[in-house]
Amino acid sequence: MSGSCGCRGTRVTRFAAEVGREDAANGVHSPTLRLVRAVLIVNPQATATTPAGRDVLAHALASQVKLDVVETDYRGHAMTVARAAACDDIDLVVAHGGDGTVNEVVNGLLAVTGGRPGSHSSAPMLGVVPGGSANVFARALGLPRDPVEATHHLLNALEQGRSRQVGLGRADGRWFTFNAGMGWDADVVAAVDQRRGKRTSPSLYLRTAVRCYLRPPHGHPELTVQVPGEEPATVRTAFVSNTDPWSYLGPRPVHLNNTCSFDTGLGLFALTRLGLPTVLRHTRQALRRRGEQRGRRLVRHDDLSIVGITAPSPVNLQVDGDLVGQRTHVEFVSVPRALTVAV
């Protein structure tokens with residue numbers, strides 16, 4: 001893989017340089033022959049990734065495609081590698097890690113598309129083998145949680161040519177696959193982010209959510225939400241969904257906009273007050289199987305093309321569970337058919 005897109009110095013391991021070429025020479029039909037070049041990006045720090053699992057995945061992929069393998073060394077590394085792969089006309093990029101790794105890979109792959117709807121054909125196909133603690137994007141796609149099972153699923157998808165075009169969201173130029181937000185949830189992400197040396201888990205997020213609710217680091221500032229065709233609404237926290245479930249609490253799905261999907265626009269869930277009865281009511285509703293949300297303090301919309309959120313002073317912004325920074329105004333935009341994913 002060339003270094004023309006900022007990937008110089010990346011450690012790359014080459015597998016199976018002649019896979020596909022030999023099949024063609026021998027007249028053997030291969031449904032994945034068009035996918036002749038692939039890159040596997042592995043986050044070795046992710047919760048469920050292991051050297052043994054990485055090697056199994058790499059060798060399995062190398063039996064079907066010409067494969068490069070890159071282990072990430074720092075935050076943003078996966079984005080750099082994926083951007084280089086897109087510039088180098090790689091056919092397939094596989095992310096093996098958690099939702100943060102997938103988000104970086106997606107942002108790297110789509111860095112060259114300019115955020116255009118229906119631009120999926122101009123970026124490499126994405127493959128996902130879950131390796132994190134939540135794996136919201138992979139689970140929303142119906143992929144197995146177990147890395148070994150997910151590897152077999154990916155290989156079958158490549159053999160049979162199965163793929164899906166998915167819509168994504170953009171927040172201040174940053175792509176997100178399943179959710180984004182400003183306010184309470186972003187404060188939780190920021191607090192967990194400060195404890196990077198500790199393994200993330202549902203219990204850690206739950207404890208941090210309670211702490212940020214009782215002692216919010218920036219208070220609960222008023223946010224102004226604007227959606228097409230509606231008067232601005234003043235809220236205390238806002239969640240923007242690109243699919244449902246919005247997240248998971250261990251095995252339990254968390255529903256905020258239960259009709260939201262990769263084939264629709266964005267969903268908005270916002271609360272005008274954060275009193276304890278309001279929070280407990282909507283938490284119970286979010287954890288129910290049907291996930292229907294109702295309440296006097298609720299501002300909820302589905303299938304939105306754009307959502308604008310403004311704050312009087314900088315507040316935290318998170319996308320896909322990663323802290324982006326602080327903003328006073330963000331436009332969340334739905335981009336249909338933004339990416340092709342092997343499923």
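Serine 203 comes first. It is partly exposed, because its relative accessibility is 39%, and that falls between the 20% limit for buried and the 50% limit for exposed. Serine 203 sits in helix 8, residues 202-214. Now find leucine 249. Between serine 203 and leucine 249 there are 46 positions in sequence, yet their C-alpha atoms are 8.3 Å apart. Keep in mind that this is a predicted model.

Let's step back to the whole chain. It has nine helices and 17 strands. Of its 343 residues, 54% are buried. Now take the contacts with a separation of 6 or more. Residues 24 or more positions apart account for 75% of them.

Next, helix 3. How many of its eleven residues are buried? Nine are, so the helix is mostly covered. The buried ones are His77, Ala78, Met79, Thr80, Val81, Ala82, Ala84, Ala85 and Ala86. What do they pack against? Their partners are strand 2, strand 3, strand 4, strand 7 and helix 4.

Look at that helix partner. Helix 3 covers residues 77-87, and helix 4 covers residues 99-109. Their axes come within 7 Å and cross at roughly 35°. The crossing is right-handed. On the helix 3 side, the contact uses His77, Ala78, Met79, Ala82, Arg83 and Ala86. On the helix 4 side, it uses Thr101, Glu104, Val105, Asn107, Gly108 and Leu109. Sorted by class, that contact has six nonpolar residues, four polar and two charged.

On to the rings. The whole structure has four aromatic pairs. One of them joins phenylalanine 176 and phenylalanine 332. The pair is edge-to-face, with 6.5 Å between centres and 75° between planes. Why does this pair tie together parts that are 156 residues apart in sequence? Because phenylalanine 176 lies in strand 7, residues 174-176, and phenylalanine 332 lies in strand 17, residues 322-342.

Another edge-to-face pair is phenylalanine 239 with tryptophan 246. Here the centres are 5.0 Å apart and the planes stand at 85°. Both residues are buried. Ring pairs also bring in Phe269, giving a cluster of Phe239, Trp246 and Phe269.

One more ring. Arginine 139 lies over the face of tyrosine 248, 3.6 Å from the ring centre.

Last topic: the backbone. Most residues other than glycine have a negative phi, and most peptide bonds are trans. Now some exceptions. The peptide bond from aspartate 244 to proline 245 is cis, with omega near 5°. Where is proline 245? In the loop between strand 11 and strand 12.

Then there are aspartates with a positive phi. Aspartate 303 has a phi near 55°. Its place is in strand 15, residues 298-304. Aspartate 320 has a phi near 50°. This one is in the loop between strand 16 and strand 17.

Aspartate 320 is at 3%, so it counts as buried.

Key. Residues are numbered from 1 along each chain as its sequence is written. This is a predicted model: local features need pLDDT of at least 70, side-chain atom pairs count only at pLDDT 80 or more; totals for chains, interfaces and linings use all residues. Side-chain values use heavy atoms; hydrogens and water are left out. Axes are lines fitted to C-alpha atoms, for helices over the stretch in contact, and angles run from 0 to 180 degrees between N-to-C directions. Helices (H or I, at least four residues) and strands (E, at least two) are DSSP runs, numbered from the N terminus. A crossing is left-handed if the near helix is turned anticlockwise from the far one by less than a right angle, and right-handed if clockwise. Contact means heavy atoms within 4.5 Å. Ala, Val, Leu, Ile, Met, Phe, Trp, Tyr, Cys and Pro count as nonpolar, Asp, Glu, Lys and Arg as charged, and the others, Gly among them, as polar. Buried means under 20% relative accessible area, exposed over 50%, partly exposed in between (1.4 Å probe, protein chains only). Rings of Phe, Tyr and Trp (its six-membered ring) pair if their centres lie within 6.5 Å; planes under 30 degrees apart count as stacked, over 60 as edge-to-face and the rest as tilted. A charge sits over a ring if NZ of Lys or CZ of Arg is within 6 Å of the ring centre and within 35 degrees of the ring normal.
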